[in-house]
Amino acid sequence: MGYGKGPAFLGVQAFMAEDGSAVWVSTAAEGDAVAPIHVAFQAADNDAVKAFYDAGLEWRHR
């Protein structure tokens, strides 16, 4: 979907696009309240969605 790994800090990973947009993913600190959230991206096709999903699972299981 055009995003690649960007800067990373303890508990935080950025994903950057060529147009300069970014998505930051972080873990919650112990004791923090966490609310559900839904984030959507526009994809070119189903193959792009599958590749994005697979990359997210790969990153999560490291």
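## Getting to know a predicted chain

This is a predicted model. The protein chain has a mean pLDDT of 87, and 100% of its residues reach 70 or more.

Q: In what order do the strands of the open sheet stand?
A: Strands of a sheet pair through backbone hydrogen bonds, either parallel or antiparallel. Here the pairing is antiparallel. S1 is joined to S2 by 5 bridges, and 5 bridges also join S2 to S3. That puts the 3 strands in the order S1-S2-S3.

Q: Which strands stand at the edges, each with a single partner strand?
A: Remember that the sheet is open, with its strands in the order S1-S2-S3. Two of its strands have a single partner strand each, so one side of each is left without a neighbour in the sheet. Those edge strands are S1 and S3.

Q: How many degrees does the twist average from one strand to the next?
A: The sheet to look at is the open one made of 3 strands. Go from one strand to the next, and the twist averages 25°.

Q: Which residue in S2 stands opposite Ala8?
A: S1 and S2 run antiparallel. They form a hairpin with 2 residues between the strands, where Gly11 takes a positive phi near 80°. Look across from Ala8 into S2, and you land on Gln13.

Q: Which residue in the turn between S2 and S3 has a positive phi?
A: S2 and S3 run antiparallel too, and Val12 stands opposite Ser26 in S3. The two strands form a hairpin with 4 residues between them. In its turn, the residue with a positive phi of about 95° is Gly20.

Q: Is the aromatic pair of Tyr3 and Phe41 stacked or edge-to-face?
A: The count comes to 3 aromatic pairs. One of them joins Tyr3 and Phe41, with 5.8 Å centre to centre and 70° between the planes. Planes over 60 degrees apart count as edge-to-face, so the pair of Tyr3 and Phe41 is edge-to-face.

Q: How many residues apart are Tyr3 and Phe41?
A: Tyr3 is in strand S1, while Phe41 is in the loop between S3 and H1. The pair links distant parts of the chain, and its two members are 38 residues apart.

Q: Which element gives the most to the lining of the largest pocket?
A: The largest pocket has a volume of about 700 Å³. Of its 21 lining residues, the closest to the centre are Phe15, Val23, Val25, Phe52 and Gly56. Strand S1 (3-9), strand S3 (22-26) and helix H1 (46-60) each give two or more residues to the lining. The element that gives the most, with 8 residues, is H1.

Q: How many nonpolar residues does the lining of the largest pocket have?
A: Sort the lining by class, and you find 3 polar and 4 charged residues. The nonpolar class comes to 14.

Technical notes:
Residues are numbered from 1 along each chain as its sequence is written. This is a predicted model: local features need pLDDT of at least 70, side-chain atom pairs count only at pLDDT 80 or more; totals for chains, interfaces and linings use all residues. Side-chain values use heavy atoms; hydrogens and water are left out. On a 1 Å grid over the protein atoms alone, a cavity is a set of points where a 1.4 Å probe fits but cannot get out, and a pocket is an open set with protein on both sides within 12 Å along at least five of seven lines; lining residues have an atom within 4 Å of a point. Grid points are joined across faces, edges and corners, and a volume is the space filled by probe spheres set on the points. Ala, Val, Leu, Ile, Met, Phe, Trp, Tyr, Cys and Pro count as nonpolar, Asp, Glu, Lys and Arg as charged, and the others, Gly among them, as polar. pLDDT is the predictor's confidence in each residue, from 0 to 100. Two strands pair if DSSP finds at least two bridges between them. Axes are lines fitted to C-alpha atoms, for helices over the stretch in contact, and angles run from 0 to 180 degrees between N-to-C directions. Rings of Phe, Tyr and Trp (its six-membered ring) pair if their centres lie within 6.5 Å; planes under 30 degrees apart count as stacked, over 60 as edge-to-face and the rest as tilted.
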